[in-house]
Amino acid sequence: MTFLDTSEAPSGFLDSPQARALLVRVIRVAFPHAQLPDTAYEKTAAALIALAEKTPRHFLALSSGLASLDTLPAGAFLDLNATDATARLRAIEQTEFFGFIRANTVLTLYNLPEVWEALGYEGASFDKGGYLTRGFNDLDWLPEPRIEEYTGELNYVEIGPLTRQVGTGTAPAASAATRDEVTK
Amino acid sequence: MTAIDHDEEAVVIIGSGAGGGTLAYELTARGIKVVVLEAGPHITNAEYVNDEWAAFSQMAWLDPRTTSGSWRIARDFPNLPAWIVKAVGGSTTHWSGATPRFLAHEFEARSTYGAIDGANLLDWPLTLAELAPYYDRAEIAMGSTHRHGRAALPANNNYKVFANGAARVGYNFYATGPYATNAEPYDGRPASVQDGFNFQGDKSGAKWSTLVREIPRAEATGHLDLRPLSQAVQISHDRTGRADAVLYLDAAGGMHRQRARIVCVAGNSIETPRLLLLSASSLFPDGLANSSGQVGRNYMRHTTGSVYAQFPDPVHSYRGETMAGIIADEARHDERRGFAGGYYLETLSLGPAFLAAFANPGAWGRDFTAILDGYAHTAGLWIVGEDMPQETNRITLNGSVTDAAGLPVANVNFDDHPNDVAMREHGYRQAELLYDAVGSISAHRTPPYPSTHNLGTSRMSARPEDGVVNKFGRAHDVPNLFVSDGSVFTTGAAANPTLTIVALAIRQADHIAEQLANGTL
């Protein structure tokens, strides 16, 4: 998308620090993670602005959506606490504006290496020899399970009920007692 | 690189994945000349990238398609009904690797399950006993673990949670396979380094695919002309109704015609019926091989879903093979559970990028971010079970949306059958119980991903009026036209389909070679 170099061109609101600050706040409220660095949200906002500026449809949606956030009755969006800001976003979650932010944040934020690191994901591994000697089986809070197929006395049932009952029904909420037993 | 003249009557195979790649190798190994038309590029293992979105852009079939029906995919991913690969090797290059066989009764779904409202069930014109020798050959070719002397893969972190949970709820038939990735070097390929990347292509070559085994071996025979970036757009026929050539587009949009003695279609279950429908003529007004009206119908995608559970202690489930764990206890047919057919539970792990994209599409807020916050403490599994064939679950040509060449794209219409819903619900519950038994603090149900198992749109039938091809995959209506992929599945069974597609392709190759040798084809 190109802009005319005249006074009739749209104002550069989307490139303003105000727009950037609003977008960062929207993304942080919609996708709250205490452990993520600020740079992750800032990079995501920058990427979304760059993406929106490629097509009139997204440019218009993002510009008007951000510019009008403060016009809602609750007042300035940046002054709202997280609960009120979330409620504000719920009210507009069906808009093209919010849908653009939601969909593209999911594609952008969670594809950032600093986010992977903060979430505990190690990313590319082949060049490091995979995880063969780097913890693919380092879980030590459960016993080593059998890896071979079952060779016990039971026959495999292809049709009909199992010869021994297995757990069914509604999963109970995990209890602290169960967890303690498991971690012993 | 062997060149076969466009005017030479070759066996023309469309697609180079599990079906097409296997068939190409089995025929060329017998000295039969084969042209393979592959729509995608020839991407090699070294070019794969350990990055979910980058790999998706590199490999996935992203040509436009449309969706309709009540399935959630039509809302969340309206132009991505299926997650399959467009490259030499097809979807074997990104498949997870699980290789269970069908159970005997799964070839006799109609007789075993009885009539089910809304389901277009039919028995296969084939039995497990007939296919068993070909299952053996497929497992040996693919190097399935736990089979024919192949070692089991070790337990990775995700499996430790899965298997302990399985044992505690009373399951017995669990193991780290069968799985077509080498635990030890085999067949000229190395052992797994547990790098955690499968859906992105396996850089090491430890995982079986037609890219690493059948295609290079077929090329070495000197009888294969492999043409990547060649999109088949029509199969033409002569005055007698025999297929005589395939028209295809090259990367620049140039139209080619390859003469054919036999045509074998293996474009996966969306493109295969699309091509047959695009091949309609005055002689075949409803599409090639479609006198039954079943081309494109009975589209199946398996009943699937995932559960991701979080634990107090770390899991690091992304380390190691993506799907090296299978529970078979629920694969049985047991009407007391409230549905027909069965399902497997299989370990699964996604990176944060894909977990965010697929965990609950459209969701945001704290409930959503909590799924990602617990990433390092998360174990995951996939439910994969038999879904009901329905005539209205169907691939059709979209009259208003066209591809880059101006051809109608495929529309995929799908509604869950009540049996599918009941099975998925049961699977979710059992998975939650399993994880609860080893101390989960939360569990999240993920809806089905874009379809990786696409089946049934040119099904096998004993009678021509019930389906598209016979027990060898030969079209009822066109004597020298074969379908060589999962489209021929009469019903879906619970098992991951690749092993069965390979077994059927080996069997089909034997049949074609025999018919060619005795002059009946």
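Two strands are taken to pair if DSSP finds at least two bridges between them. The views below show a predicted model.

**View 1. An open three-stranded sheet in chain B.** The sheet of chain B is open and consists of three strands in the order β3-β14-β13, with mixed pairing. Its edges are formed by β3 (66-68) and β13 (394-402) of chain B, each of which pairs on one side only. From one strand to the next, the twist averages 35°.

**View 2. Pairing of β3 with β14 in chain B.** Strand β14 of chain B spans residues 408-413 and pairs with β3(B) in the parallel sense. Three bridges link β3(B) and β14(B). At one position, T67(B) has V412(B) in β14(B) as its bridge partner.

**View 3. Helix α8 against the sheet in chain B.** Residues 268-278 of chain B form helix α8, which lies across β13 and β14 of chain B. Helix α8 runs at about 70° to β13(B).

**View 4. Packing of helices α1 and α5 in chain A.** Helix α1 (residues 17-30) and helix α5 (residues 96-109) of chain A pack with their axes 11 Å apart and at an angle of about 70°. Because angles of 65 to 115 degrees count as roughly perpendicular, α1(A) is described as roughly perpendicular to α5(A).

**View 5. Residues at the contact of α1 with α5 in chain A.** From α1(A), the residues V26(A), I27(A) and A30(A) meet I101(A), R102(A) and T105(A) of α5(A). The residues of this contact comprise four nonpolar, one polar and one charged.

Technical notes:
Residues are numbered from 1 along each chain as its sequence is written. Chains are lettered from A and ligands numbered from 1 in the order in which they are written. This is a predicted model: local features need pLDDT of at least 70, side-chain atom pairs count only at pLDDT 80 or more; totals for chains, interfaces and linings use all residues. Helices (H or I, at least four residues) and strands (E, at least two) are DSSP runs, numbered from the N terminus. Axes are lines fitted to C-alpha atoms, for helices over the stretch in contact, and angles run from 0 to 180 degrees between N-to-C directions. Two residues are in contact if their C-beta atoms, placed from the backbone, lie within 7 Å. Angles under 35 degrees count as roughly parallel, over 145 as roughly antiparallel, 65 to 115 as roughly perpendicular and the rest as oblique. Ala, Val, Leu, Ile, Met, Phe, Trp, Tyr, Cys and Pro count as nonpolar, Asp, Glu, Lys and Arg as charged, and the others, Gly among them, as polar.
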